[in-house]
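Please consult the sequence and the structure below.

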Amino acid sequence: MSIGITGTGSYIPSEIVENKDFEQHEFLNADGSEFKHNNSVIIEKFKTITGIAERRYAGKNLNTSDIAFLAAEKAIDDAGIDKEEIDYIILAHNFGDVAYGQSQSDMLPSLATRVKHHLRIKNPKCVAYDMLFGCPGWIESVIQANAFIKSGIAKKCLVIGAETLSRIVDPYDRDSMIYSDGAGAAIIEEGSGSGEILAHATATYTYEEAYFLFYGKSYHPTAEDTKYIKMYGRKIYEFAVTYVPSAMASCLTESDVPIDDVKKVIIHQANEKMDEAIVKRFYALYDKEMPNGIMPMIIEKLGNSSVATVPTLLDLIRKGKIKNQELKVGDVVIFASVGAGMNVNAIVYRM
């Protein structure tokens, strides 16, 4: 019997924020000084590098746990299972519930507990907990669900990735244009015809890399003492293109799948140029060119929603909602991600 994904769901917020909506923002350097270029130039360079033209923000009445619940409902329905049979709910996020207009994170009770409550699951043996693992959190949660099922302590797991990054960005930081909100979910279970996790790999680098992403003060010198998500973009780029391709390759080697059999690389939607460089370097390890259409992208319209990007992309492909992209039974895909930690992981999966 194989262990695989039997259902997926996603929640894409309805509020669209386009790049032009940032034209009146006051962007500052890390030291509080002004940029030499005006916002139109900054935004154009941003679009060229990241590929992002617009992003989605959750409605004011919705928190991370709310949109996680909405994605979870869809995944359960897609899998056609009884929600009372779910053994684990694993919810990957980074900042908890941050109410609109607030800055304080709320993680008591855990967001997974809140989702179980919203789902009205009565079974006390359905264990709910949160995964804090940076952007690779959803993939790592799938790896844990696989381990639970393989060990015999679970049969069905609900794995969710959800985040409302728009609530924790510094409006004076141009990197704030990267982030978005969203949620994706999947049911992982044992059963014939459900797909199969063939191999996985995970690594955490902390010796020099631990604080490439961190919580820091606003770039505005007179702003309140509120902390926001900050990052060293160049260091992250160099780290990602160095370590993610090798993680993907080691995972593929373990799976015994030939490189030419890989149909799609479903990679964390962090930065279009960075993702392209990662996949090109991965194929270069096999002395091959990156195939056309191998890397589906949704970042142009949806931005970077952290842990939600991979499950959302998977759901949209499975539901036929991305032009010229499809997955068939038997297709081999590689899931890959990189993020705060610094963490890197990958899964080789047969549909």
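Does Cys135 count as buried or exposed? At 18% relative accessibility, Cys135 counts as buried, where buried means under 20% relative accessible area, exposed over 50% and partly exposed in between (1.4 Å probe, protein chains only).

The model is predicted: local features need pLDDT of at least 70, side-chain atom pairs count only at pLDDT 80 or more, and totals for chains, interfaces and linings use all residues. Residues are numbered from 1 along each chain as its sequence is written, and side-chain values use heavy atoms, with hydrogens and water left out.

**Cysteines.** Zero disulfides (pairs of cysteine sulfur atoms within 2.5 Å) are found in the whole structure. The sulfur of Cys135 is too far for a bond because the closest cysteine sulfur, in Cys251, is 19 Å away. Cys251 is also buried.

| Residue | Relative accessibility |
|---|---|
| Cys135 | 18% |
| Cys251 | 0% |
| Thr312 | 4% |

**Strand β6.** Helices (H or I, at least four residues) and strands (E, at least two) are DSSP runs, numbered from the N terminus. Nine of the nine residues of β6 (residues 156–164) are buried, so this strand is largely enclosed by the rest of the structure. Strands pair if DSSP finds at least two bridges between them. Strand β4 (residues 88–93) runs parallel to β6, joined by five bridges, and Ile90 stands opposite Val159. With β7 (residues 181–190), β6 pairs in the antiparallel sense over nine bridges; there Gly184 is the bridge partner of Gly161.

**Thr312.** Gly184 is also among the residues touched by Thr312 (heavy atoms within 4.5 Å), including Ser10 and Ile298. Thr312 lies in helix α8 (residues 309–318) and is buried.

Notes. Lists of a residue's contacts leave out its neighbours within four places in sequence.
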